[in-house]
Amino acid sequence: MIEEAEVGVDEIDADADAETGRLIRPYAMTGGRTTIDTDIGLETQIQASSRASQHLGAYRWETAKVVELVQTPMALIEVAARMEIPIGVARVLVADLVLDGAVVLHEPAKTQNFASLLERVLDGVRNL
Amino acid sequence: MSEISDSPQPAGGTKIPVKIVVAGGFGVGKSTFVNTVSEIEPLRSEATMTTASAEHDDLSHIAAKTTTTVAMDFGRVALTPEIVLYLFGTPGQQRFQFMWNELSRGAIGAVILADTRRLGDCFAAVDYFEARNMPFVIGINPFDGRRTHTIEAIREAVQVEDHVPMLYCDARERGDVKNGLIALVELALMRERSKTHA
């Protein structure tokens, strides 16, 4: 049953793509999923891994586009904005890529001494 | 407009992301503030939240859910070779609080912009960040650049405590925006230090 549904989504993609390239409903990209276990922050940096190219041929265009965007690290929210998709959709696409090992996440350093990070931030802001 | 291909960055450089929320009422200058220091053309992103709305369901059995879409503008600026700052301009209305929760998670704090003509518009944001004990400063964005009220008078009107920094902050002026950010980071650092020494 699930496989049939996915084929249906692919057909929608192809039709929309042929006409304008932008008619696909965003949630069709994720098979309707908008929540996942992985909790990726808006500013979390996403970067394609060296294994990304192994998977590339198998990805649908929107997933391939994410991989293309994050060849250099990019925040989740920027991926969403540049692809013009809701943040929740971008989060699902990225989470799937993480599971594939095609991208890696760089979270804000939580273990680091926050005060020393803030000192560096303060220096940076003063020099803006 | 920024295109996907226009941001060549040094390859391989992973950066530590930090973020600051720019809050305040509608039209108070949040996007302008972000734009003034961002090194990319500010981008807009959307989040949606679906809520069951049984009580509004009387007229139609079809529309059992309402979807709230909230758009926010964000920009980024590299502070050091290792640290990149994200600035998020977020709508101030209470009904968008689901977005504030997401935005304020892990944030350094907030710059709350207020307009002297509509000071009440900033109350929701002030209450929110106060309740969560997050560092915030209040930037008074002077309409037409006219600084007609003293900061003391505005402080009294907004009724925030003396320890909350308040300053004039013309969102169009880089120096003012910078001063707002400095005030916030100084406050956050002071609080972080007092935490570790307590």
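User: How many residues of chain A are in contact with chain B?
Analyst: In this predicted model, 32 residues of chain A are in contact with 37 residues of chain B.

User: Which elements of chain A give two or more residues to that side?
Analyst: They are β1 (45-48), α4 (76-83), α5 (87-100) and α6 (114-126) of chain A.

User: And which one gives the most?
Analyst: That is α6(A), with 10 residues on the side of chain A that touches chain B.

User: How do the residues on that side divide into nonpolar, polar and charged?
Analyst: On the side of chain A that touches chain B, 18 are nonpolar, 8 are polar and 6 are charged.

User: Switching to confidence. What is the mean pLDDT of chain A?
Analyst: The mean is 76 for chain A, and 66% of its residues reach 70 or more.

User: Where in chain A is confidence lowest, and where is it highest?
Analyst: It is lowest in helix α1 (residues 2-19) of chain A, with a mean of 39. The highest value belongs to α6(A), at 95. Residues 1-21 of chain A have pLDDT below 50, and beyond near neighbours in sequence this stretch has 10 contacts in the model.

User: What about the fold, how many helices and strands does chain A have?
Analyst: Chain A has 6 helices and 3 strands. Along the sequence they follow the pattern α-β-α-α-β-α-α-β-α.

User: What percentage of chain A is buried?
Analyst: Of the 128 residues in chain A, 33% are buried.

User: And what share of its contacts join residues at least 24 apart?
Analyst: Counting contacts in chain A between residues at least 6 apart in sequence, 70% join residues at least 24 apart.

Methods
Residues numbered from 1 in each chain as written. Chains lettered and ligands numbered in written order. Predicted model: local features only at pLDDT ≥ 70, side-chain atom pairs only at ≥ 80, totals over all residues. Contact = placed C-beta atoms within 7 Å. Helix = DSSP H or I, 4+ residues; strand = E, 2+ residues; numbered from the N terminus. Nonpolar A, V, L, I, M, F, W, Y, C, P; charged D, E, K, R; others polar. pLDDT = per-residue confidence, 0-100. Buried ≥ 20, exposed ≤ 12 C-beta atoms within 10 Å, placed from the backbone.
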